[in-house]
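Biologist: I am new to this structure. Can we go through it step by step?

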Amino acid sequence: MPDDTILDGEIAFLDENGNADYNKTSNVMGSNPDRAIALQMERGWLYFQVFDVLEYRGIPTTGDRLVIRDALMYDIVPKLMCKHIVAVDMVYGTSAKKALLDSELASGREGIMLKNINSIYIPGKKRENTWYK
């Protein structure tokens, strides 16, 4: 990864379809280190799911539009050459988002995060009118 680069994301177990399993994640994250390693050896390894780039080579990107940060994320993550660090899929277009939401809800998951592609990243603040869950 380029020096002085900060990625935003979350750690999670991913199933065979790449979907997060938060129950397994909670079991590992709440364990002592030895137990956490044993659980991962038994059930599979945790992944870091990247969903944003907050700084790139020492330059803050939080003032850049989401669509620019997404492009940067898709450039950085594959070059890391680590199968346990993955970029979260971004879906563009109203019909594609509707299909994804329907699929997520039908499979029992909680839903999706909708973000305005022109929004900037505002740390620690509620993203009114730019992010919806």
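Biologist: How many helices and strands does the protein chain have?

Modeller: This is a predicted model. Along the sequence, the pattern reads β-β-α-α-β-β-α-β-α-β-β. The secondary structure comes to four helices and seven strands.

Biologist: What share of the 133 residues is buried?

Modeller: Buried here means under 20% relative accessible area. The accessible surface of the chain is about 8800 Å², and 54% of that belongs to carbon and sulfur atoms. Of the 133 residues, the buried share is 26%.

Biologist: Which element gives the most residues to the largest nonpolar core?

Modeller: That core has eight residues: Leu7, Val50, Val53, Leu72, Met73, Ile76, Val77 and Leu80. The top contributor, with four residues, is H3.

Biologist: Which strand is joined to S3 by eight bridges?

Modeller: S3 has several partners, so let us take them in turn. Strand S5 (residues 85–87) runs parallel to S3, with three bridges. Strand S4 (residues 59–60) runs antiparallel to S3, with two bridges. The antiparallel partner with eight bridges is S1, residues 6–14.

Biologist: Which residue in S5 stands opposite Val50?

Modeller: Val50 belongs to the largest nonpolar core. Beyond its neighbours within four places in sequence, Val50 touches Leu7, Asp8, Gly9, Met73, Val77, Ile85, Val86, Ala87 and Val88. Its opposite residue in S5 is Ala87.

Biologist: Which residue takes a positive phi in the hairpin of S3 and S4?

Modeller: Tyr56 has Ile59 of S4 as its bridge partner. The hairpin has two residues between the strands. The one with a positive phi, near 55 degrees, is Arg57.

Biologist: Is Met41 buried or exposed?

Modeller: Met41 sits in helix H2 (residues 33–43). With Ile37 and Trp45, Met41 makes a nonpolar surface patch of about 340 Å². The cut-off for exposed is over 50% relative accessible area. Met41 has 62% relative accessibility, so Met41 counts as exposed.

Biologist: What share of the contacts with a separation of 6 or more joins residues 24 or more positions apart?

Modeller: A contact means heavy atoms within 4.5 Å. Take those in the chain with a separation of 6 or more. The share from residues 24 or more positions apart is 54%.

Key: Residues are numbered from 1 along each chain as its sequence is written. This is a predicted model: local features need pLDDT of at least 70, side-chain atom pairs count only at pLDDT 80 or more; totals for chains, interfaces and linings use all residues. Side-chain values use heavy atoms; hydrogens and water are left out. Patches are made of residues with over 30% relative accessible area and no salt bridge: like charges are joined within 9 Å, nonpolar side chains (Val, Leu, Ile, Met, Phe, Trp, Tyr) within 5 Å. Accessible areas come from the Shrake-Rupley method with a 1.4 Å probe; for residues, only the protein chains shown count as cover. A salt bridge is a side-chain nitrogen of Lys or Arg within 4 Å of a carboxyl oxygen of Asp or Glu. Buried means under 20% relative accessible area, exposed over 50%, partly exposed in between (1.4 Å probe, protein chains only). A nonpolar core is a set of buried Ala, Val, Leu, Ile, Met, Phe, Trp, Tyr and Cys residues joined through side-chain atoms within 4.5 Å. Two strands pair if DSSP finds at least two bridges between them.
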